[in-house]
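Dear colleague,

Here is the structure I said I would hand over. Please look at the sequence and the 3D view before you read the notes under them.

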Amino acid sequence: MRIEEIFQESISLKKRILEDKSLIDKIEKSAEVIVASLRAGGKIHFCGNGGSAADAQHLAAELTGRFYYDRPPLNGEALHCNTSFLTAVGNDYGFEHVYSRLLGASGKDGDVLVAISTSGNSENILLACEKAKSLGIKTIAFTGETGGKMKEIADILLNVPSLDTPRIQEIHILIGHVICELVEREMFPKA
């Protein structure tokens, strides 16, 4: 039955990641980079398209709200949440510029950009990564197996070993949750 097959595909992919020491290390490094930025007064910017935009917004909310426990908010923002800006820039300059332009306005040296694209080839995400580099912003890319063009730009590439978009997106949110937990524990250790 297809339902069981889908669950098995998801479980198998998670097992592959558990066995990939390099990817586990990069997830841990991502949390360390985010903590260092936040401790230095930085901001964590998130961007993606479609389901990846939903993940970007979700993860930004985990930082600014709370994850496991009550604590002060952390400085995180999904770049697509201002629809007036998004539609104006999309109309006036082209959709490929929506994230790079906002990052140019609100990003600064020492910040972090979490760029989410299952293909790793979304033009607006690539331009945001290039803008981040020019501003001294570290980039963490969540992609699928190949990494696409983002593998050449990102400081840290979290490429899920799959070509299946729904399975990649499931792992992206799982990795995002792991990072949020690590960041929260490090920023606000419990006694």
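This is a predicted model: local features need pLDDT of at least 70, side-chain atom pairs count only at pLDDT 80 or more; totals for chains, interfaces and linings use all residues.

Overall fold

The chain has seven helices and five strands. Starting at the N terminus, these elements follow one another as α-α-β-α-β-α-α-β-α-β-β-α. Along the principal axes, the C-alpha atoms fill a box of roughly 50 × 45 × 30 Å. A compact globule of 191 residues would have a radius of gyration near 16 Å, and the chain has 16 Å, so the two agree.

The sheet

The five strands form an open sheet in the order β2-β1-β3-β4-β5, and their pairing is parallel. At the edges are β2, residues 76–78, and β5, residues 156–159, each of which pairs on one side only. From one strand to the next, the twist averages 15 degrees.

Phe46 has Ala78 in β2 as its bridge partner. Helix α6, residues 123–135, packs on the sheet. This helix touches β1, β3 (112–116) and β4 (138–143), and its direction makes about 165 degrees with that of β3.

The largest pocket

How much space lies in the largest pocket? The figure is about 200 Å³. The largest share comes from α7, with five residues. The lining is made up of Lys14, Ile17, Leu18, Ile24, Ile27, Glu28, Ile171, Leu174, Ile175, Val178 and Leu182. Nine of the lining residues are nonpolar, two are charged and none is polar.

The cavity

Rolling a probe the size of a water molecule over the atoms shows where empty space is left. In this model, the count comes to one cavity of 30 Å³ or more. About 70 Å³ of space lies in the largest cavity.

Which residues line the largest cavity? They are Ile34, Phe46, Leu59, Leu63, Val114, Ile140, Phe142, Gly176, Ile179 and Cys180. At least two lining residues come from each of α3 (51–64), β4 and α7. Helix α7 gives the most, with three residues. By type, the lining of the largest cavity has nine nonpolar residues, one polar residue and no charged ones.

Regards

Note on methods
Residues are numbered from 1 along each chain as its sequence is written. Side-chain values use heavy atoms; hydrogens and water are left out. Two strands pair if DSSP finds at least two bridges between them. Helices (H or I, at least four residues) and strands (E, at least two) are DSSP runs, numbered from the N terminus. Axes are lines fitted to C-alpha atoms, for helices over the stretch in contact, and angles run from 0 to 180 degrees between N-to-C directions. Contact means heavy atoms within 4.5 Å. On a 1 Å grid over the protein atoms alone, a cavity is a set of points where a 1.4 Å probe fits but cannot get out, and a pocket is an open set with protein on both sides within 12 Å along at least five of seven lines; lining residues have an atom within 4 Å of a point. Grid points are joined across faces, edges and corners, and a volume is the space filled by probe spheres set on the points. Ala, Val, Leu, Ile, Met, Phe, Trp, Tyr, Cys and Pro count as nonpolar, Asp, Glu, Lys and Arg as charged, and the others, Gly among them, as polar. The radius of gyration is taken over C-alpha atoms; the globule rule is 2.2 Å times the number of residues to the power 0.38.
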